[in-house]
Amino acid sequence: MVKLNTLLRQVPNIQNEDIPSLEITGISFDSRQVQPGNIFIALEGGSFDGHAYIPQAVEGGAVAIIGRKPLDLPGVPYFQVPNPRETLAYVSAAFYDFPARQMTVIGVTGTDGKTTTVNLLYNMLLAAGLPAGMISTVNAVIGDEEIDTGFHVTTPEAPTIQRLLRKMVDSGITHVVLETTSHGLAQHRATACDFDIGVITNITHEHLDYHGDYGAYLQAKARLLTGLVDTPKKNGRSYEVAVLNRDDMSYAPLMAILDDPRYAQIKRVTYGTTPDCDLYGRDLATDTNGISFTLETHGQTQAVTSSLMGAYNMHNIMAAAAAASLGLDLDLSLALQGVNRLAGVPGRMEKIDLGQDFLAIVDFAHTPNALKVALETANRMKGQGRVIAVFGSAGLRDREKRRMMAATSLALADITILTAEDPRTESLEDILAEMADEAVKSGGVEEKTFFRVPDRGEAIRKAVRLAQPGDIVIACGKGHEQSMCFGQTEYPWDDRTAMRAVLSEHLGLPGPAMPYLPTQDR
């Protein structure tokens, strides 16, 4: 157990006078989950205010409260802070004795490619003989233990991250790779993770519903890099390395941010496809078995082969290799052995093969850029066949990308099938109408080159029915995710299960049942 006064003296923006010596059993920001002895932190969001649930938290046994608003709470110590989310991160880190300060922490962020890059870098660390762990939006891996981190893609909240980091330290792990989203950075979920190295995959169009514009989105991502200067020395060493994609549109604005004198000590490492990069790739070849290319850095030349499909994975491999070899000073040839350790990442260009005479793929592509590169990959693989794309666009999220994705698919796929993807409380028909309108403007002909099929299972079924020998059916947008949101309800859903169910029907084989979605009732 830790004492409240000991805990809060390690947290910024807390008044340190007269803090009682109470035993603290844990931290909660959900009043329904408060346990006796917890600190309750009142968070605020677009549709909720945690301050309203303070009485419920106290009734549940909370012994101290932290919030933003001035309050008088008789009998329970209350601490007013300017940013409860930031305080939640520091309180969580202090409760678990700042585990990130006892490991080397590599953060990976970007619009696309984060999870794959995290998996690649994690396997490179293992190949180099380092006790490593990882936390991604798919799972956390601690030794032989694999922990699901949630239904939908996001950085876990600060108490979960810090608990996992503590478990890693206690398991003897010395290096951890942590995937960080823009929401996670902006909402301080990754604050107090004390990053040593920050890796940027790319920053393209996404989450503008939350951030407002591309500049604000980039600034949120840049926190991973600018925060490196606040990381204390660990075992007498300070890394402070920013790994940047020189081929990406984010490179110039990120370099402009890092040119501020406050960040002068941050080392910049670049990767890309031109010789002026610190690490660059050339001679890329792709096929249905994966990719191969040549990697060069500081006079070293390495041949790289990977079973990961898609030209874009060259950049993911380069990002991980740059962090390992030029950030951590690991032997490049040894680190690259980790590439072959990774056969694939769940829901990333994942082939579903039941013996059909066409290729079926499930991919997580849910942004305009990700859809573009996924369809470009499919076009390189299709030979004389066609690409049939199935995807949607989420409700209550960036509306502009709906039209962008529809236009992208009309340009790159032979047949486009527009369907549901987490409509939430928005009208699915309205979402599909926006996408269909753009499809028509892009030259599409409904019921010929594109279709609207609201039920996602039926949309995949239609794609399979349309498929001919040599075609590629690719379902994009859900990937590894295990649920789909209609209204405020998360229904169990897995695109891979749906694809197997449809292929089984198509081939007359036993297989899984199609998961239920409410669109099946229409």
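Predicted model: local features only at pLDDT ≥ 70, side-chain atom pairs only at ≥ 80, totals over all residues.

User: Which are the buried residues of H9?

Analyst: In helix H9, residues 251–258, they are Tyr251, Leu254, Met255, Ile257 and Leu258; helices (H or I, at least four residues) and strands (E, at least two) are DSSP runs numbered from the N terminus. They cover an arc of only 155° around the axis, which puts them on the same side of H9, the arc being that of the directions from the helix axis to the C-beta atoms.

User: What do they pack against?

Analyst: The buried residues of H9 pack against strands S12 (197–200), S13 (241–245) and S14 (267–272) and helix H8 (214–226), with contact taken as heavy atoms within 4.5 Å.

User: Switching topic, what lines the second largest pocket?

Analyst: Its lining has 43 residues, of which Asp112, Gly113, Tyr312, Asn316 and Val373 lie nearest the centre, and H12 (368–381) is one of the elements that supply at least two residues. H12 gives the largest share, six residues. On a 1 Å grid over the protein atoms alone, a pocket is an open set with protein on both sides within 12 Å along at least five of seven lines, a cavity is a set of points where a 1.4 Å probe fits but cannot get out, and lining residues have an atom within 4 Å of a point.

User: And how many cavities of 30 Å³ or more?

Analyst: The search of the whole structure finds one, lined by Thr286, Asp287, Gly310, Ala311, Thr377, Arg380 and Met381; H12 again gives the largest share of this lining, three residues.

User: Which residues have the most contacts inside the largest nonpolar core?

Analyst: They are Ile361, Phe391, Ile417, Ile474 and Met499, in a core of 57 residues, a nonpolar core being a set of buried Ala, Val, Leu, Ile, Met, Phe, Trp, Tyr and Cys residues joined through side-chain atoms within 4.5 Å. Apart from it lies another core of 44 residues, including Tyr122, Leu130, Val243 and Ala319.

Key: Residues numbered from 1 in each chain as written. Heavy atoms only, no water. Buried < 20%, exposed > 50% of the residue type's maximum accessible area, 1.4 Å probe, protein only. Points joined across faces, edges and corners; volume = space filled by probe spheres on them.
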